[in-house]
Amino acid sequence: MATNVLRNRLRDGPLWVKVLAVVVLLLAMLAVVLALFPWDTLRGPLNRYVSEKTGRKFEITRRLDVGIGLRGATVKADGIEFANPQWARDPYLVKAERAEFDIRLWPLLRQKVVIPRLALVSPTLGLQMEADGRRTWALGKDTSDPGTVPVIGLMEVDNGSVDFLAKHLGVDLHADVNYDTSLGTLPLSYRIKGRYKGQPLTAEGRTGNVLQLKAAGGQPFPLEIDGAAGHTRLKASGTVTDFADLDGIDAKFDLKGQTLGALFPLLGIALPETSPYALSGDLRKRGKQWEVAGLKGKLGLSDIAGDMRFDQTGKVPHLAGELRSRVMDMDDLGPLIGLPPTERSAKAVEGVAPPPTIKQTKRGKDAKVLPSASLDFDRLRAMNADVKYAADRIKNVRDVPLDRGSVQVKLNNSVLVLEPLDLGVGGGKLAGAIRIDATQNPADIRASLDLRNVQLNRLIPKIETMRSSFSRLDGRINLSGRGTSVASWLGGASGDVAAMTGRGRFSNLLLEFMGLDGAEIIKFLLRGDQNVELRCAAMAFDVNKGVMSSRSMVLDTEDTVFYASGQANLATERIDFVVRPEPKDRSFLSLRSPLVVGGTFGAPTGGVQAAPLAERGIAALVLGALNPLLALAATVETGPGEDADCKGVLSQANKPSTGAAAAGAAKAKGAKQQPPPR
């Protein structure tokens with residue numbers, strides 16, 4: 001009855017109803033046919049077709065079944081083998097007990113393979129890519145054609161292994177994957193071993209049961225990793241939405257290693273050499289932009305915290321951020337200028353093998369002081385940067401009384417500028433700029449630094465034990481030159497170095513020792529040390545190709561005037577100075593003679609000039625033979641010293657001479673003014 005009614009309505013209804021009914025009927029019949037179709041009979045033809053199209057053997061070894069849906073098909077294959085191209089190391093791209101995947105039908109008309117879901121049981125995967133663009137997972141005969149690479153969304157693996165080789169990227173890895181439902185929300189565990197960027201790599205961890213290789217806007221899947229590459233160790237846990245491009249990352253991480261500089265070959269981030277470190281924070285990646293928020297941890301003996309951003313969207317990557325240390329240890333500055341860490345800082349981070357260190361022992365007479373390790377200018381060419389750093393307090397300063405420090409690091413087109421550079425020194429500050437142009441080889445290096453209001457009793461703490469009170473010191477350093485290390489740059493630099501001070505107080509006992517005034521020494525040893533007025537002091541050098549020649553070296557007190565002259569060679573690290581004391585008072589037991597300061601930076605020597613002292617000694621012997629009391633006459637100091645022209649002394653110290661020194665100083669001042677090239 002119902003059938004007759006339907007037939008009558010179709011016969012009497014409009015044409016579009018009749019057509020729709022026919023289409024529905026045909027689709028229903030097609031669905032029945034497809035459901036009952038013996039798909040396994042097509043296994044042989046399908047094997048031959050895929051093999052011919054890809055140029056390599058493809059075979060479903062046991063059974064084929066296909067389910068057709070509205071959006072595509074679901075293919076089930078028991079036993080699958082797909083060979084790799086002949087140039088690959090591994091014989092198979094994939095060899096698995098079973099494979100099941102969804103495939104979109106309409107993209108096939110455009111010769112595009114889209115696989116939203118791929119599930120493999122006990123697979124062996126051999127993935128390899130070459131510098132010329134060839135890759136084993138491309139499905140055309142031309143494996144360098146990116147149009148033949150399938151788009152894979154979700155991937156499920158139930159126990160298996162993966163080999164991945166990319167020699168041009170420094171990658172050669174093997175991973176074993178196991179699926180265990182007892183592991184809860186992270187049932188897929190993995191172990192990785194191999195080499196990455198020339199360093200041995202090991203890693204293990206867990207993920208969710210589905211790897212989202214390529215599915216924009218999909219749900220993130222959880223991931224845990226504990227890995228090590230060389231001396232760098234990473235622990236992280238979080239989520240990833242796009243595994244193929246490592247995108248959509250939200251994770252917490254802990255990172256340890258011998259030096260942040262080791263991250264350059266691993267990640268392409270050109271960080272400086274440092275003491276061993278241990279850092280943690282929150283990592284976020286969207287597209288080609290990386291962010292680290294809440295960064296905190298240790299660099300050697302120093303603490304560090306802040307936020308960083310790394311942007312790879314441009315032609316040259318850009319690093320930006322702000323970092324701060326509550327306490328920065330002086331030993332951790334050495335690696336920044338090419339020195340290895342000290343024994344203290346090398347052992348400061350637990351769980352990190354200590355790198356080669358500097359032993360804090362006495363230097364030999366021929367030991368070099370200036371850092372000679374080559375600076376890595378390739379890193380300056382690898383990225384741009386704008387990073388601010390501040391240390392609230394600096395400790396373990398030993399001979400350099402640093403209080404605090406801050407610097408802004410700007411790197412643009414291979415030109416590094418440290419400006420503003422501001423260091424608290426002995427109650428005053430050292431401020432200025434340093435510029436390194438790595439577009440040249442050797443690099444063009446300029447330093448322009450000003451010293452203001454430094455307390456001398458803090459700059460020379462040993463004098464403070466004599467209860468001395470000094471005035472404040474001002475000075476400057478303007479040096480320019482070319483080099484590949486701190487030592488080579490200073491060894492050829494030209495410019496101006498000066499320091500000067502006005503009125504203050506000075507230890508009289510120290511002055512008498514310097515003047516070899518025996519009577520005064522005895523008097524102060526009996527009565528105690530006293531201070532005398534300091535009228536002025538200046539020390540200025542013209543620097544020409546690494547040779548520092550004295551321009552003005554004067555120390556004037558109410559008791560004695562000291563004049564000095566000589567040279568310091570920054571290339572050979574040798575010093576040669578003569579200090580001439582001229583006492584202003586009369587005194588017995590004075591053996592006044594010029595003082596000679598020589599030796600090296602690492603082992604300076606000092607003593608009296610032999611000839612004048614010998615003359616006084618011979619005179620004392622002759623007079624002593626006549627009358628012992630007359631021997632004292634040879635040691636009488638008549639006090640020829642006169643007050644120095646302090647105004648003239650300070651004026652001369654303030655003016656570099658003409659020629660190479662003045663030209664070098666003027667060029668160095670450009671470190672504060674010249675913007676990096678664009």
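The following legends describe close-up views of a predicted model.

**Figure 1. Overview of the predicted protein.** The protein comprises 678 residues, of which 43% are buried. Its secondary structure consists of 14 helices and 32 strands.

**Figure 2. The aromatic pair of Phe 58 and Phe 82.** A pair of aromatic rings is described by two quantities, the distance of the centres and the angle of the planes. The structure holds three aromatic pairs. In one of them, formed by Phe 58 and Phe 82, the centres are 5.4 Å apart and the planes stand at 90 degrees, an edge-to-face arrangement. Phe 58 belongs to strand S1 (residues 58–68) and Phe 82 to strand S2 (residues 72–83), so that the pair links distant parts of the chain, 24 residues apart. Phe 58 has a relative accessibility of 12% and counts as buried. Phe 82, at 7% relative accessibility, counts as buried too.

**Figure 3. The aromatic pair of Phe 541 and Phe 577.** The ring centres of Phe 541 and Phe 577 lie 6.0 Å apart, and the pair is edge-to-face because the planes meet at 75 degrees. Phe 541 is part of strand S27 (residues 531–544), while Phe 577 is part of strand S30 (residues 574–583); the pair therefore ties together parts that are 36 residues apart in sequence. Phe 541 is buried, with a relative accessible area of 6%. Phe 577 is likewise buried, and its value is 11%.

**Figure 4. Arg 134 over the ring of Trp 87.** This view shows a charge placed over an aromatic ring. The charged end of Arg 134 is 4.7 Å from the centre of the ring of Trp 87.

**Figure 5. The largest nonpolar core and a separate core.** The largest nonpolar core contains 49 residues, and Leu 319 and Met 383 have the most contacts inside it. Helix H9 (residues 486–492) supplies the largest share of this core, namely four residues. Leaving aside residues up to four places away in sequence, Leu 319 touches several residues, including Ile 269, Leu 271, Met 308, Phe 310, Met 383 and Val 387. Another core, of 31 residues, lies apart from the largest one; Trp 39, Leu 120, Val 240 and Ala 251 are among its members.

**Figure 6. The buried side of helix H14.** Helix H14 spans residues 660–669, and its buried residues are Ala 661, Gly 664, Ala 665 and Ala 668. These residues lie on the same side of H14 because they cover an arc of only 100 degrees around the axis. In general, an α-helix has 3.6 residues a turn, so residues three or four places apart point the same way.

**Figure 7. Arg 446 and its polar contact with Asp 444.** Arg 446 is located in strand S23 (residues 443–455). Arg 446 counts as buried because its relative accessibility is 9%, under the limit of 20%. A polar contact of 2.9 Å joins the side chains of Arg 446 and Asp 444.

**Figure 8. The surroundings of Asn 209.** Asn 209 occupies the loop between strand S10 (199–207) and strand S11 (211–212). With a relative accessibility of 35%, Asn 209 counts as partly exposed. Although Asn 209 and Glu 156 are 53 residues apart in sequence, their C-alpha atoms are 6.3 Å apart in space. Not counting residues up to four places away in sequence, Asn 209 touches Met 155, Glu 156, Tyr 179 and Pro 187.

Definitions and conventions: Residues numbered from 1 in each chain as written. Predicted model: local features only at pLDDT ≥ 70, side-chain atom pairs only at ≥ 80, totals over all residues. Heavy atoms only, no water. Phe/Tyr/Trp six-rings, centres within 6.5 Å; stacked < 30°, edge-to-face > 60°. Helix = DSSP H or I, 4+ residues; strand = E, 2+ residues; numbered from the N terminus. Buried < 20%, exposed > 50% of the residue type's maximum accessible area, 1.4 Å probe, protein only. Lys NZ or Arg CZ within 6 Å of the ring centre and 35° of its normal. Core = buried A, V, L, I, M, F, W, Y, C linked by side-chain atoms within 4.5 Å. Contact = heavy atoms within 4.5 Å. Arc of directions from axis to C-beta. Polar contact = N/O pair within 3.5 Å; in protein donor to acceptor, adjacent residues only side chain to side chain.
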